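Biologist: Hello! I am new to this structure and would like a friendly tour. Could you show it to me before I start asking?

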Amino acid sequence: MAAVSASLSLPSRTPEPSVRKMSILNKFHSVASRTHCNFDAIFKPSTLTLFISTQRPHAHIKSPPRNTIRCLFTGIVEEMGQIKQLGTAENGGFDMKIGAKTVLEGVHLGDSIAVNGTCLTVTEFDTQLSDFTVGLSPETLRKTSLIELEPGSLVNLERAVQPTSRMGGHFVQGHVDGTGEIVSMDPEGDSLWIKVKASKELLKYVVPKGFIAVDGTSLTVVDVFDKEDSFNFMLVAYTQQNVVIPLKKVGQKVNLEVDILGKYVERLLSSGFVESIKSS
């Protein structure tokens, strides 16, 4: 499909020449006084903690319910994009500019694109420069591994599916449930075994031969190791060449989204649905 010929160039914020490239975490430190943010370094054992001033939102602004499905993905990565720029947004958050080509075909402002499995909204794009911009909220940084990105990092990209799209993977919402830590990467032939440690809260939804989205990639779980709080999967040679997971190292984080069907089953069982069916 040919790239859209029209180009929408919106004013971009250019970082000061004297400012060196920094990770998102370092940029947060530099503007903490303005954004009222305070958090611990990600290198500590504890999870990233970010405290935000408790300002009440305007009465007319309503956040959508957490379980509302606003977009849907398949977990089939369309391309790997490259982080071009990370900068402070006017609202105190952060903008992330990503170089890409495939996902810009037919793009519109407000479209949803999964970045390493995180559903983000396109706020600016330029088809001539082959890049687009998304916003990062503090909640997104708390819940995902995007906090580790820096200029030059590669990320998995996928556009939201349309009614005519093929479902090549599984239902992925782009709502990251949490992060896992890569604990081992072992080659076998031209394939690669990867083991990921996850919290018990997430691991209860992970089953052998079931689906899981790792950095937005739809994968099949091979084994679950309950005593080690971990699971593993295998990447074939083709997948290794087209997703970012093999580029990471042991100890780095990956975004995890468990299969939504498991959550629905748990909800039905806990609500007494089965008992109501038996008694009817």
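Biologist: What percentage of the residues in the protein is buried?

Modeller: Keep in mind that this is a predicted model. A residue counts as buried when its relative accessible area is under 20%. The protein has 280 residues, and the buried part of them comes to 41%.

Biologist: How confident is the predictor on average, and where does pLDDT stay under 50?

Modeller: The protein averages a pLDDT of 78, and 74% of the residues score at least 70. Over residues 28-69 the pLDDT is below 50, and this stretch has 44 contacts in the model beyond near neighbours in sequence. Where pLDDT is low, the predicted coordinates should not be read in detail. The other stretch to treat this way, with pLDDT under 50 and 36 contacts beyond four places in sequence, is residues 1-23.

Biologist: Thanks, that helps. How many helices and strands does the protein have?

Modeller: Some of the strands form a closed barrel, and others form an open sheet. Counted over the protein, the secondary structure comes to seven helices and 15 strands.

Biologist: Which strands make up the closed barrel, and in what order?

Modeller: The barrel has six strands with antiparallel pairing. From one strand to the next, the twist averages 45°. Going around, the order is β3-β4-β7-β6-β5-β8.

Biologist: In the hairpin of β6 and β7, which residue takes a positive phi?

Modeller: Strand β6 covers residues 118-126 and strand β7 covers residues 131-136, and four bridges pair them in the antiparallel sense. Two of the facing pairs are F125 with F132 and V122 with V134. Four residues sit between the strands of this hairpin, and the one with a positive phi, near 55°, is S130.

Biologist: Let us turn to a single residue of the barrel. Is E79 buried or exposed?

Modeller: E79 lies in strand β3, which spans residues 79-88. Its contacts beyond four places in sequence are with A100, K101, T102, V103, V155, N156 and L157. The relative accessibility of E79 is 13%, which is under the 20% cut-off, so E79 counts as buried.

Biologist: How far is the backbone nitrogen of K101 from a polar atom of the side chain of E79?

Modeller: K101 is one of the residues that E79 touches. Here the side chain of E79 brings a polar atom, and K101 brings its backbone nitrogen. The distance between these two atoms is 3.1 Å.

Biologist: Which strands are at the edges of the open sheet?

Modeller: The sheet has seven strands in the order β12-β11-β15-β9-β10-β14-β13, with antiparallel pairing. Its twist averages 35° from one strand to the next. An edge strand pairs on one side only, and here these are β12 (217-220) and β13 (223-225).

Biologist: One last question: what is the bridge partner of M185 in β10?

Modeller: Strand β9 runs over residues 178-188 and strand β10 over residues 191-197. Seven bridges join these antiparallel strands. The partner of M185 in β10 is I194.

Note on methods. Residues are numbered from 1 along each chain as its sequence is written. This is a predicted model: local features need pLDDT of at least 70, side-chain atom pairs count only at pLDDT 80 or more; totals for chains, interfaces and linings use all residues. Side-chain values use heavy atoms; hydrogens and water are left out. Buried means under 20% relative accessible area, exposed over 50%, partly exposed in between (1.4 Å probe, protein chains only). Contact means heavy atoms within 4.5 Å. A polar contact is a pair of N or O atoms within 3.5 Å; within protein, one must be able to donate a hydrogen and the other to accept it, and residues adjacent in sequence count only if both atoms are side-chain atoms. Two strands pair if DSSP finds at least two bridges between them. Axes are lines fitted to C-alpha atoms, for helices over the stretch in contact, and angles run from 0 to 180 degrees between N-to-C directions. pLDDT is the predictor's confidence in each residue, from 0 to 100.
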